Amino acid sequence: MLISRANKMRAKKPGTVLEQELKTLYRGVETFVLFIGCARSGHSLVGAILDAHPEIMIPHEFRVLSNWNYYKNKSKGDSEMLKNRLFFDLHALSREQAMFGNRASNCLHGYSYHVPGQWQGKFKEKLKVIGDKKGTGTSHLLFKSENFHVLEEIQRTLKIPLKFIHVIRNPFDNIATKVLRQLHTRDSARGGSFKVNDSILLDSVITSHFKLIESAQKLHHHEDFEVIDIYSHEIITNPQENLRKLCSFLGVASDEEYIDAASKLLYTQPSKTRHSVVWSTEQRARVTNEMKQYKFMKPFTFESL
């Protein structure tokens with residue numbers, strides 16, 4: 001059988017085949033997703049679980065917003081080139097973390113976010129959702145309302161919807177964990193009887209925490225973006241329902257095999273670090289009053305999950 005000249009040329013250039021395969025793959029992406037919220041809320045866990053979905057890739061802390069100008073400069077105004085370069089790097093980082101990072105099957109340090117038998121670092125047939133898990137970085141950027149133009153530019157350049165996952169933890173635990181980590185006493189507090197008493201640091205962390213909450217509030221009010229609120233205690237206590245909720249939001253199938261496997265990664269119960277910090281009556285009242293300003297904070301009290 002005769003082989004055409006074009007086929008011979010293609011056979012000699014396997015790199016061209018890979019390029020076209022990846023461009024086709026990235027052209028099929030329907031949603032770009034970012035995280036928003038406060039550190040120590042459960043972003044890493046949710047990001048790792050979503051990365052295990054057969055149609056989703058979300059590497060850990062790629063820092064899209066911080067690197068956006070780099071991609072603009074490299075693409076020289078070519079939006080298609082920018083999208084392919086960005087998606088390729090996100091794809092590559094997801095693969096690296098699934099092989100060598102804390103999503104690897106042989107993770108040797110820290111908490112393992114590996115979901116056995118699922119799709120971390122890879123995809124099944126097509127890639128529908130890609131993004132970045134860096135919630136605190138997004139929140140810091142949005143301290144200034146004028147920085148919303150970066151998000152608008154990303155959505156305009158990629159030509160697909162930009163969606164946000166807002167992972168929310170009880171602020172009393174969120175704040176307490178930050179205090180414990182800043183004092184390098186998080187491990188000491190795991191026993192249950194240990195308490196930290198540093199009123200000045202606690203006041204400072206309360207202030208910085210609600211600045212991040214205000215950034216999330218601004219994003220909720222922005223009409224160009226969809227935001228889903230996911231409560232960390234609910235994804236632990238009722239993982240299957242919340243994973244289906246996330247899949248629906250991102251426009252992917254909630255395959256039962258994936259849901260079952262991902263649910264097994266979750267902790268058995270939420271961590272209540274609030275009891276490892278000494279709170280004055282005024283500090284507890286301050287946090288309670290601050291929470292009342294935000295609709296998505298209504299489920300929380302000092303006594304609640």
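Which backbone oxygen lies 2.8 Å from a polar atom of the side chain of Asn147? What we have on the screen is a predicted model, and I'd like to walk you through a few spots in it.

So, back to the opening question. The oxygen belongs to Leu141, and the distance to the Asn147 side chain is 2.8 Å. Asn147 sits in the loop that links helix H6, residues 135–141, to helix H7, residues 148–158. Is Asn147 buried or exposed? Its relative accessibility is 18%, and the cut-off for buried is under 20%, so Asn147 counts as buried. If we set aside neighbours within four places in sequence, Asn147 is in contact with Leu141 and Leu142.

Let's carry on into H7 itself. Its buried residues are Phe148, Val150, Leu151, Glu153, Ile154, Thr157 and Leu158. And what do they pack against? Quite a list: strand E1 (31–37), H4, H5, H6, strand E4 (162–168) and H9.

Arg63 has a phi near 70°, and it lies in the loop between strand E2 (56–57) and helix H4 (64–75). Arg63 is partly exposed, with a relative accessible area of 40%. His184 has a phi near 55°, and you'll find it in the loop between helix H8 (171–182) and helix H9 (199–220). With a relative accessible area of 72%, His184 is exposed.

Last stop: H4 and its partner H5, the helix of residues 79–100. How do H4 and H5 pack? The angle is about 135°, and the axes are 9 Å apart. Angles over 145 degrees would count as roughly antiparallel, so H4 and H5 are instead called oblique to each other. The crossing of H4 past H5 is right-handed. On the H4 side, the contact is made by Val64, Trp68, Tyr71, Lys72, Lys74 and Ser75. On the H5 side, you can pick out Met81, Leu82, Arg85, Leu86, Asp89 and Leu90. Sorted by type, the residues of this contact come out as seven nonpolar, one polar and four charged.

Technical notes: Residues are numbered from 1 along each chain as its sequence is written. This is a predicted model: local features need pLDDT of at least 70, side-chain atom pairs count only at pLDDT 80 or more; totals for chains, interfaces and linings use all residues. Side-chain values use heavy atoms; hydrogens and water are left out. Helices (H or I, at least four residues) and strands (E, at least two) are DSSP runs, numbered from the N terminus. Buried means under 20% relative accessible area, exposed over 50%, partly exposed in between (1.4 Å probe, protein chains only). Axes are lines fitted to C-alpha atoms, for helices over the stretch in contact, and angles run from 0 to 180 degrees between N-to-C directions. Angles under 35 degrees count as roughly parallel, over 145 as roughly antiparallel, 65 to 115 as roughly perpendicular and the rest as oblique. A crossing is left-handed if the near helix is turned anticlockwise from the far one by less than a right angle, and right-handed if clockwise. Contact means heavy atoms within 4.5 Å. Ala, Val, Leu, Ile, Met, Phe, Trp, Tyr, Cys and Pro count as nonpolar, Asp, Glu, Lys and Arg as charged, and the others, Gly among them, as polar. A polar contact is a pair of N or O atoms within 3.5 Å; within protein, one must be able to donate a hydrogen and the other to accept it, and residues adjacent in sequence count only if both atoms are side-chain atoms.
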